Amino acid sequence: MPVFEINVNRRHPVNIDVTCIGATLLIDQTLVNDIAAVFPLEPIPSNDDIARCTYDKKNGGSYSGPCSDCSEIAEFFACKRWNQPSAIEYRRFGDATSLMTQSAFNYFLPGWMTASIIDRLAADVVPDYLISTMSGRSEYKANRIEECYNYLIDSQLNCVKRFINWYHGDENWVDKDVVNALERIDRRVFVNKTST
Ligand SMILES: [Zn+2]
């Protein structure tokens, strides 16, 4: 398995110090392959099931129709497979991790994870967006992410868990989002096990 090292110094990507091992993350090609093996490319979500705008009247808001952010997300991801957007595009639409419908989030989740692993520099804050969404910090996020996890099978949950561990690496600080996300996944795996 070829192993590449890339620098993840986000703020100053020009000043790359290749000797600074603490600032590097390895590309986990096995995880990239496993993600591709367990997350299907089809079926893609339908065009009216991509963004869920909470400002929209039909979702309890006061706008008649979705906001411009949600409209852009719906337009960009329409008719795309999860392996089509580039890391830069996934980065541009990083906030979609919290604005997508359950089915669209689950469908594009492997794309965000893969982009983060293979192009760490371009994907930039994508892992932070993802892990924050997956930790379910607010009540709305908590309900939504639990719903998302309900539709993931164990092999997919396992990849999500490996992704979080890959990102967190050997850091010795404790990130509350990471801890919460991992706990949620473990609970879901436990429920899956005891309900079969
Ligand atoms: Zn919106």
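Hi everyone, let me start with the ground rules. Residues are numbered from 1 along each chain, as its sequence is written. The model is predicted, so local features need a pLDDT of at least 70 and side-chain atom pairs count only at pLDDT 80 or more, while totals for chains, interfaces and linings use all residues.

First, the layout. The protein chain has 10 helices and two strands. Both kinds of element are DSSP runs numbered from the N terminus: helices are H or I with at least four residues, and strands are E with at least two. If you read along the sequence, the pattern is β-β-α-α-α-α-α-α-α-α-α-α.

How confident is the predictor? The score here is pLDDT, the predictor's confidence in each residue, from 0 to 100. Its average over the protein chain is 85, and 86% of the residues score at least 70. A contact means that the C-beta atoms of two residues, placed from the backbone, lie within 7 Å.

Contacts also tell us how the chain folds back on itself. Of the contacts with a separation of 6 or more, 66% are between residues 24 or more positions apart.

Next comes burial. We call a residue buried if 20 or more other C-beta atoms lie within 10 Å of its own, exposed if 12 or fewer, and partly exposed in between, with C-beta atoms placed from the backbone. Of the 196 residues in the protein chain, 32% are buried.

Let's visit a few residues. Cys70 sits in helix H2 (residues 68–77). Is Cys70 buried or exposed? Cys70 is buried, because 23 other C-beta atoms lie within 10 Å. Leaving out residues up to four places away in sequence, Cys70 touches Ala51, Cys53 and Leu99. Thr54 is 16 residues from Cys70 along the chain, and their C-alpha atoms are separated by 9.3 Å.

Cys79 is in the loop between H2 and helix H3 (87–92). Its phi is near 60°, a positive value in a residue other than glycine. Cys79 counts as exposed, because it has 10 C-beta neighbours inside 10 Å. Asp124 lies in the loop between helix H6 (120–123) and H7. Phi of Asp124 is near 50°, again a positive value in a residue other than glycine. Asp124 is buried, though, because 20 other C-beta atoms lie within 10 Å.

One more backbone detail: a cis peptide bond joins Glu42 and Pro43, with omega about 5°. Pro43 is found in the loop between H1 and H2.

Finally, helix pairs. Axes are lines fitted to C-alpha atoms, for helices over the stretch in contact, and angles run from 0 to 180 degrees between N-to-C directions. Angles under 35 degrees count as roughly parallel, over 145 as roughly antiparallel, 65 to 115 as roughly perpendicular, and the rest as oblique.

Take helix H5 (residues 102–118) and helix H7 (residues 126–135): their axes come within 9 Å and cross at roughly 140°. That makes H5 oblique to H7. On the H5 side we find Trp112, Ala115 and Ser116, which meet Val126, Pro127 and Leu130 in H7. These contact residues divide into five nonpolar, one polar and no charged. Here nonpolar means Ala, Val, Leu, Ile, Met, Phe, Trp, Tyr, Cys and Pro, charged means Asp, Glu, Lys and Arg, and the others, Gly among them, are polar.

Helix H9 (residues 154–168) and helix H10 (residues 176–194) pack at about 160°, with their axes 10 Å apart. That makes H9 roughly antiparallel to H10. The residues making the contact include Leu157 and Ile164 of H9, and Leu182 and Ile185 of H10. In that contact there are eight nonpolar, two polar and three charged residues.

H10 also meets H7: the axes come within 8 Å and cross at roughly 55°. So H7 is oblique to H10. Ile131, Ser132, Met134 and Ser135 of H7 make the contact with Asp177, Val178, Asn180 and Ala181 of H10.
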